[in-house]
Amino acid sequence: MIEKVDNMTNFKSNCHTHTVYCDGKNTAREMIDCAVKKGFSAIGFSGHAPMNFSNTWAMTQENLDKYFFEINSLKKEYADKIDVFCGIELDADYEINKEYSFDYILSSVHQIHGKKRIYSIDYTAEELTECVNAEYDGDWYKMAEEYFKNLAAFVVDNKTDVVGHFDLITKFNRSGCLFDENNPEYQKSALRWVDYIIDNKPYIIFEVNTGAMFRCGNETPYPASFILKRICERGARVTVTSDAHCTEALDYMFDEAKLYCKNCGFKSIWHLTKSGFIEEKI
Ligand SMILES: [Zn+2]
Ligand SMILES: [Zn+2]
């Protein structure tokens, strides 16, 4: 459980937000208006990039065009109120047919490729369980090793500014109902691939993402504290995000997430600005 705090925010931003162009519920304008009302200094959009297989949640190539155009025009329209950024959430299975100059790239993995089909990691607990049973003989730790390895390879081999929800496979694992996150094999896998990322990209930013706290009632953000502590010890950086798919989630549990970072050893968190990511002491 993370601690509750009244108000320790003096700087607000969120670089992980979605809109109706992918699986979000609000328009970009609605998200920006809400961010202005909440006193944000910056909001970054990270629509799900089009994918190389049919799905219902990522942008189509056509929507990506509209997204890029609209966010960039809103950036100008709102320039005196808030800094707006046009980023993208790239998945290892992305497919983009045109060149775009995104302000930043958030890299994530949401699928596992099985022998006969592709499984979603974060759609339902049943689908992930089916994947583990069919592809890994019911061994959750083998699945975890492959997931972390795929994410780390994607982050290292591609341009990445922010690592998305590092332990997304824990989304449905409230109270360890699917597997034991204290299992040494599991923790070894997670830390091995955190180390691999930081060995190759020492100052990379990992997000501390409250999305599953808002959507599923999870008690802590991604990633788990043992992972966050390693990220801190290795000198990499963090930014707090909510993976917002609606206005209500925009700054959900941000103060608590900051305190969570502090308790894991961080002295600062990082915010997206026009001069790149800048540091806020916490
Ligand atoms: Zn994601
Ligand atoms: Zn997202």
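Predicted model: local features only at pLDDT ≥ 70, side-chain atom pairs only at ≥ 80, totals over all residues.
1. The zinc ion (ligand 2) has four protein donors: His-16 (NE2), His-18 (NE2), Glu-89 (OE) and Asp-243 (OD), at distances of 2.0 to 2.4 Å. Along the chain these donors follow the spacing H-x1-H-x70-E-x153-D. The arrangement is irregular because the angles subtended by the 4 donor atoms run from 75 to 166 degrees, whereas a tetrahedral site would need all angles between 85 and 135 degrees.

2. The zinc ion (ligand 1) is coordinated at 2.1 to 2.2 Å by Glu-89 (OE), His-110 (NE2) and His-165 (NE2). The spacing of these donors is E-x20-H-x54-H. Glu-89 belongs to strand 3 (residues 83–91) and His-110 to the loop between strand 4 (105–108) and strand 5 (111–113), so the pair connects parts 21 residues apart in sequence. His-110 is buried, with a relative accessible area of 3%.

3. Which residue bridges the zinc ion (ligand 1) and the zinc ion (ligand 2)? The bridging residue is Glu-89, and the ions lie 3.3 Å apart. Glu-89 counts as buried, at 1% relative accessibility.

4. The largest nonpolar core has 82 residues, and the members that touch the most others are Phe-166 and Phe-206. Helix 4 (residues 140–157) gives the most to this core, with 11 residues. Leaving aside residues up to four places away in sequence, the contacts of Phe-166 include Tyr-147, Phe-148, Leu-151, Trp-193, Phe-206 and Ile-227. A second, separate core holds 10 residues, among them Phe-85, Tyr-104, Leu-106 and Trp-270.

5. Helix 3 (residues 125–135) has Glu-127, Leu-128, Cys-131, Val-132 and Glu-135 as its buried residues. They lie on the same side of helix 3, because they cover an arc of only 140 degrees around its axis. The packing partners of these buried residues are strand 5, strand 6 (118–120) and helix 4. Just after helix 3, Asp-137 has a positive phi of about 50 degrees.

6. There are 18 salt bridges in the structure. One of them pairs the side chains of Lys-98 and Asp-65, at 2.9 Å from N to O. Lys-98 is in the loop between strand 3 and strand 4 and Asp-65 is in helix 2 (residues 61–77), so that the bridge links distant parts of the chain, 33 residues apart. Both ends are partly exposed: Lys-98 at 48% relative accessible area and Asp-65 at 32%.

7. Asp-195 and Arg-230 form a salt bridge of 2.5 Å, N to O. This pair links helix 5 (residues 184–200), which holds Asp-195, to helix 7 (residues 225–233), which holds Arg-230, across 35 residues. Asp-195 is buried, at 17% relative accessibility, while Arg-230 is partly exposed, at 22%.

8. Arg-230 also forms a salt bridge with Glu-233, with 3.9 Å between the closest N and O atoms. Both residues lie in helix 7, 3 residues apart, about one turn of the helix. Glu-233 is exposed, with a relative accessible area of 62%. Through shared partners, salt bridges join Asp-195, Asp-199, Arg-230, Glu-233 and Arg-234 into one network.

How values were computed
Residues numbered from 1 in each chain as written. Chains lettered and ligands numbered in written order. Heavy atoms only, no water. Donors = N, O, S within 2.8 Å, 3.2 Å for Na, K, Ca; no water. Tetrahedral: all angles 85-135°; square planar, octahedral: opposite > 155°, others 65-115°. Helix = DSSP H or I, 4+ residues; strand = E, 2+ residues; numbered from the N terminus. Buried < 20%, exposed > 50% of the residue type's maximum accessible area, 1.4 Å probe, protein only. Core = buried A, V, L, I, M, F, W, Y, C linked by side-chain atoms within 4.5 Å. Contact = heavy atoms within 4.5 Å. Arc of directions from axis to C-beta. Salt bridge = Lys/Arg side-chain N within 4 Å of Asp/Glu carboxyl O.
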